[in-house]
Amino acid sequence: MVRSKKKTIRRVLVPLLASLMLVSWVVPALGVTTLDGYSSLMTELRSSGGGDPSWGLDNPQFYAELRLKSSPWKDIDSFLKISAESNKPMDDAEDTRFLFKEAHVRFHANRFETHLFAGQDRFWLNEPLLQIVHSDQVKHDDWGPRAQGIRLDFWDFYGFSGAAFASERSDYIGVDWLKLNSAEQGSYAGSAAGDTISSSTDDYRGFRVNKKLLSDRLYLGTTYARKDMTFDDSSYIGDRGKFQEVIAFDAEVALGDVVPFLTQFGRVIWVAEYGRNTSGELWGVDDADVDGFKTEIRDVSVGPMRFLGSWQAYGKDFYADELAHGDRQNENDYTQYYFEGHFRVPTKAVNLKGWVRHAEPEDPTSTSFAQSTGTIDEWGTEAYVEFLNGFTGKTEYKVYQDNNGIWPNLFFELIGENRLVKLRTQFRIKDIDSDYELTAYGFEANVNVSDIWKFYTRVMNVDEATESRQTAFAQIRYLGWNSAEFFVEFGNPDQSNDLVNDGDFASHGSNAITERVFKAFVRIYY
């Protein structure tokens, strides 16, 4: 049993795209239509592992992508991307799929622009401080594009500017996830666990409007976001039609341009934003704490020094889990101040930075993330140096303290670059003098061997008290063909984004090691 809400926007968008492109083809003088894309073929030579020394070919994959662009009239254009992929994993089960990737129709005028779109990230609102809605929560493309909608941007409209969007996304959710207790399971008469699929459709709305005053010295703004959640399953007896909703108001003023005394300290920009969570799930909750506030002073200069400071206080229910980014939700129930200073050494290519942060829970009886970590104190220093011949270096020492302990970290980085090669090496000691202390080393190199040969390699090593582990990755690319490229790689390219300066590989208990696999790719552009 499958139930799904009809995707109205996509039903309108596809015929509209077809009509615009047909006009461009039938009457070429009215516009331009282009078609491009690429095809790629990949195969693997993989080690069997587990003590088996044998290697074997595995997992051949074919992928093709087409991009169609059309502009039948001056202020109207459209875009469509589709793909096809075929994969044959080790069990010899073939999987071939044809996918709609993304599309839009855009209309542009003197003071506004609209997009009717599907599968694209067009949900940003450029909010100054609170970030009550995050595009990653709305676009929802972890298993392919599922969000579609319409967006409006406008500017210089009697001093107002802003943006608005309305969108929907659809999910297929297993019944097991929907059943909350045995009574609800009984509502699925004759169904076994996992054999029924239900759909949920979420509708999003958001807008931001701001007004500039006093010759761009003052800005006032309002941001709003809402998500309506529905489940298309008549037998589901949980909470239906609930919604999450947050509204915020902000102001920004360049004090250095308004107050004559402050001119000597630069622009001295003051920003403040207040928000409130008005979600339906919080109605009638006596102890709900739904307010959030943050204020910041920045662009303060005193000679070679620059300063920034902020203060914020968020209630335990302020950030909505279906609208805000997960990192933001962890700030609920915290009051925090932050101060940062920069010093540029005169006549030297040396920048020094220092910062301090203090955060503590607002509600001592709360069960939020804030209570699990308790009061947080963090401070750190950083030195950035530019040497001769294209080399730069950075040294950082920071200390993080919470209920679980004190966690000092020491980090070094050296980068060298010229037209032929870029080298980067890092060294890190993490969680110094704790049971989880580790040392990590990373090195990477980008080499232009010639105009047609490119080489990249990355190696990392971590030493802990009880183990040592290593990982390596290498890739060589050939660009000697017109409209085509060929590359071979060894290892896993996804084990680190920033060598050892993140938690992907350099973390206690990580089991990441070198993946023993060679991959060969051929990509042809057309």
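Start by selecting D156, which sits in strand β6, residues 147–157. Keep in mind as you look around that this is a predicted model. The phi angle of D156 is near 50°, a positive value in a residue other than glycine.

Next, jump to D433, in the loop between β19 (421–430) and β20 (438–448). Here's another positive phi, about 60°, and D433 is not a glycine either. D433 has a relative accessible area of 74%, so with the cut-off for exposed at over 50%, it is exposed.

Now pick one more aspartate, D502. You'll find D502 in the loop between β23 (484–490) and β24 (517–525). Which side chain of opposite charge is nearest to D502? That's R428, 5.9 Å away. A salt bridge needs the charged atoms within 4 Å, so D502, although buried, has none. If you leave out residues up to four places away in sequence, D502 touches R428, S496 and N497.

Time to look inside. Select L130, I132, V133, F318 and L323: these have the most contacts within the largest nonpolar core, which has 20 residues. Two elements, β7 (160–174) and β10 (243–254), each give two or more residues to this core. Apart from it lies another core, of 9 residues, including A440, M460, V500 and F505.

Then head for the surface. Select V449, I452, W453, F455, I476 and L479, and you'll have a nonpolar patch of about 470 Å². Zoom in on F455, in strand β21, residues 453–463. With a relative accessible area of 32%, F455 falls between the 20% and 50% cut-offs, which means that it is partly exposed.

Finally, zoom out and show the whole chain. How many helices and strands does the chain come to? There are 7 helices and 24 strands. Of the 526 residues, 40% are buried. The chain exposes about 28,100 Å², with carbon and sulfur atoms supplying 57% of that area. Among contacts with a separation of 6 or more, 55% come from residues 24 or more positions apart.

Methods
Residues numbered from 1 in each chain as written. Predicted model: local features only at pLDDT ≥ 70, side-chain atom pairs only at ≥ 80, totals over all residues. Heavy atoms only, no water. Helix = DSSP H or I, 4+ residues; strand = E, 2+ residues; numbered from the N terminus. Buried < 20%, exposed > 50% of the residue type's maximum accessible area, 1.4 Å probe, protein only. Lys, Arg positive; Asp, Glu negative; His and termini not counted. Contact = heavy atoms within 4.5 Å. Core = buried A, V, L, I, M, F, W, Y, C linked by side-chain atoms within 4.5 Å. Areas by Shrake-Rupley, 256 points an atom, 1.4 Å probe, with all protein chains shown as cover. Patch = residues over 30% accessible without salt bridge, like charges linked within 9 Å, V, L, I, M, F, W, Y side chains within 5 Å.
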